[in-house]
Amino acid sequence: MLIFSSSPNDSEQVSSHLKNMGLPIRHQVISDSEQLKDAIELKHWQQALFIDELDNLPIKQALKQLKNQPIAVPAVLLTNDYSDEKRFEMLALGLKDCIPAGALDLLAMIVKRDQKLVESLQSLEQANKIVYETNKRNELLLDSSKDAIAYIHEGMHIYTNPSYIKRFGYEEDEIIVMTIMDIVADEEKDKIRALLKRQSQDGTEVSELIKGKTASGEEFEADFIISSAIYDDEECVQLLVRDIGDQQELMQKLKEMSKQDQVTGALNRPAFIEHLTKAVETSRQKDLDSALYFIEIDNFASYRNQFGIADCDVLLKDVSHWLHDKCHSTVVIGRISDSSFAILDADTNKPPTELPKFLIKDIEKQLFEISGQTLKVTLSIGGVPCTGHELEPGKILLHATTVAHNIQEKGGNSFQIFNPSIDSLLDEDERKIFEEFTNARDESKMTLFYQPMMSLKGSSSKQYMCYFRYQLSDGTWGLGEHIFPIFEKVGMDAEIDKVTLKHALKVLVKDKETGNNNKLFLALSPNTLMRDDLEAWLEKLVTAAGIDSGNIVMTVKSHMAQTYYKKVLELRDALKKNGIPLCLSGVENDNTELVRSIAPQYVAMAPNFIDTLKEHGADKVQSIVRASAEIQAKTIISNLEDASTLAQIWPLGVDFVMGNYVSKPIPKLNYDFADSDF
């Protein structure tokens, strides 16, 4: 927002009021035309506010300069000399509104209205760009398509692509004056008339097998597919003529492509899981040994931050080609996530350590090129045998993933073969902790605790962060040490998420019945995030509960978002479609680009945010708060322990705080938000 004012105190008072009303305002005060010129050159502004008129910068001149902005900037005048005549004069000048100087609450409503206008104009501009670029791409696709495509208006050809001209054997200047009847066999004319009529009545795509006729009189059977279209701003129909043989070949190619990862050429995750499922069944029935290897590219997140997604796709493609070159043709190779591959090896004549040992050594000799730079890559490989146990394919993949991630945490560039059983996965101390949890689970002594978040901007929202808890052997409610890594090792983290989500939904249902309107934040584990049916599963649970979808907030940790970046984007889009907010938690001060690219509705800072603020001051943390404000995300600070820290946090413009100074986690949603000192 640009605030035109000769008084810094007046402008600060107005901006503070708008911020206190919950508006994410970032403003600059303008007092003359030179300042306005510099501001326009530096940024794109979304709102202009005149606090009365400047002597040295008339409103008319300022509006003229603002016209240079790519999106129209709505402007409002706060005046001490308000009258209906004054308002009419200002609206005629080009202002969006003119109101009395003291009507700050009314101003907030007008700003909210105008923000929606700006967002709509920005969306329209983006949509127009997309339409223009799409039309350009469509023209290129039509001209280069192997399919015979034409556009027909009132029976006449108005466009034909090269494949269409070649298929029917006419010159372009000949076919453009011909009708659709001229390119079908004589006995098929009634068929094509009926097909055109059916398409016109239904408005949908229709097709039928019809005999076409070439310039030489040769007849051929093809699928004539007709659909509504617009060509050169004129309503018409699109005719796609596809030979029967070409169609069968196309279906075969589509089937193959549906199983292929388009970046690397390896099998995609669903197709690989199909092979793994068959291998497990075969191993059980015929007692044949096979092994699964999960392969992570070490330091991939830093490569992506340094070189970008597009260049890293090239690296993934090169690594995939290297794997196919180095592995026997009988192995199955798939891409499992952004930075990981999996290999299914059914060779029963070699030890399970042979392949990973070879790959670890061989990749050290390879040089990969990314963004013009030569790069050496290392791998972390977790292997799991597919025989000798009763685990399902998904659990086998989960164990292999856990092993690979554990290797990465120790520095990477190594491999390990694991036998997926509890005894082998956990050491003695871990087994004791897991046994304590198992006893609590068997006795149904699991629950949620809730830590309230207090608004610093006067929001009426009542929201809590949820924490999973179970009853310990001493009778208290808590967690065993490092229990969540143990859950991941034994393949139970997704199961815990399921229990937590269902319990939270039951609580919200009861909450709604009593007339309350609380909001709960729930964290997702990596293996829940990688569920193929995650979006549908969440939608089904929330819909069945009958609660407002905005009352449940799915939380993903920032390090998970970096590892499973594309999956998190897919989850964000699916949640947005269903009205479920996304929170990015554990956000570090250097995660600004991650926050901007994922654009969640909430950003929860890492626990060390307060330590950084105390040690280095507000300048060190301002960039991540600013990045959150740019995407209009609500910010959350945790671990607030005292009033002095709150005093440091307050000027940053943070939305919510939580910690023991507000309240410790409590067993019920009964925190009195109205009775706090905030």
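The rule for a salt bridge asks for a side-chain nitrogen of Lys or Arg within 4 Å of a carboxyl oxygen of Asp or Glu.

Helices (H or I, at least four residues) and strands (E, at least two) are DSSP runs, numbered from the N terminus.

## Ground rules

The model is predicted, with local features needing pLDDT of at least 70 and side-chain atom pairs counting only at pLDDT 80 or more, while totals for chains, interfaces and linings use all residues. Residues are numbered from 1 along each chain as its sequence is written, and side-chain values use heavy atoms, with hydrogens and water left out.

## Other salt bridges

By the salt-bridge rule, the count comes to 24. One of them brings together the side chains of Lys-566 and Asp-313, at 3.9 Å from N to O. Here too, distant parts of the chain are linked: Lys-566 belongs to helix H22 (residues 565–577) and Asp-313 to helix H12 (residues 309–326), 253 residues apart. Lys-566 is partly exposed, with a relative accessible area of 30%.

Then there's a network: Arg-87, Asp-97, Arg-113 and Asp-114 are joined by salt bridges that share partners. Within it, Arg-113 pairs with Asp-114, and their closest N and O atoms are 3.1 Å apart. Arg-113 is partly exposed, at 40% relative accessible area, whereas Asp-114 counts as buried, at 1%.

Leaving out residues up to four places away in sequence, Ser-320 touches Thr-264, Ala-266 and Phe-341; contact means heavy atoms within 4.5 Å.

Asp-345 lies in strand S13 (residues 340–345). Asp-345 counts as buried because its relative accessibility is 4%. With the sequence neighbours up to four places away set aside, the residues it touches include Ser-290, Tyr-293 and Lys-350.

## A negative patch

Glu-139, Asp-143, Glu-154, Asp-232, Asp-233 and Glu-234 make up a negative surface patch. Patch members need over 30% relative accessible area and no salt bridge, and like charges are joined within 9 Å (nonpolar side chains, namely Val, Leu, Ile, Met, Phe, Trp and Tyr, within 5 Å). Glu-234 is part of strand S10 (residues 234–243) and is partly exposed, at 32% relative accessible area.

## The whole chain

Zooming out, the chain has 26 helices and 26 strands. Its C-alpha atoms fill a box of roughly 85 × 80 × 55 Å along the principal axes. Of its 678 residues, 46% count as buried. Among contacts between residues at least 6 apart in sequence, 64% join residues at least 24 apart.

The accessible surface comes to about 34800 Å², of which 48% belongs to carbon and sulfur atoms; areas come from the Shrake-Rupley method with a 1.4 Å probe, and for residues only the protein chains shown count as cover.

Notes
Lys, Arg positive; Asp, Glu negative; His and termini not counted. Charge placed at Lys NZ, Arg CZ, Asp CG, Glu CD. Buried < 20%, exposed > 50% of the residue type's maximum accessible area, 1.4 Å probe, protein only.
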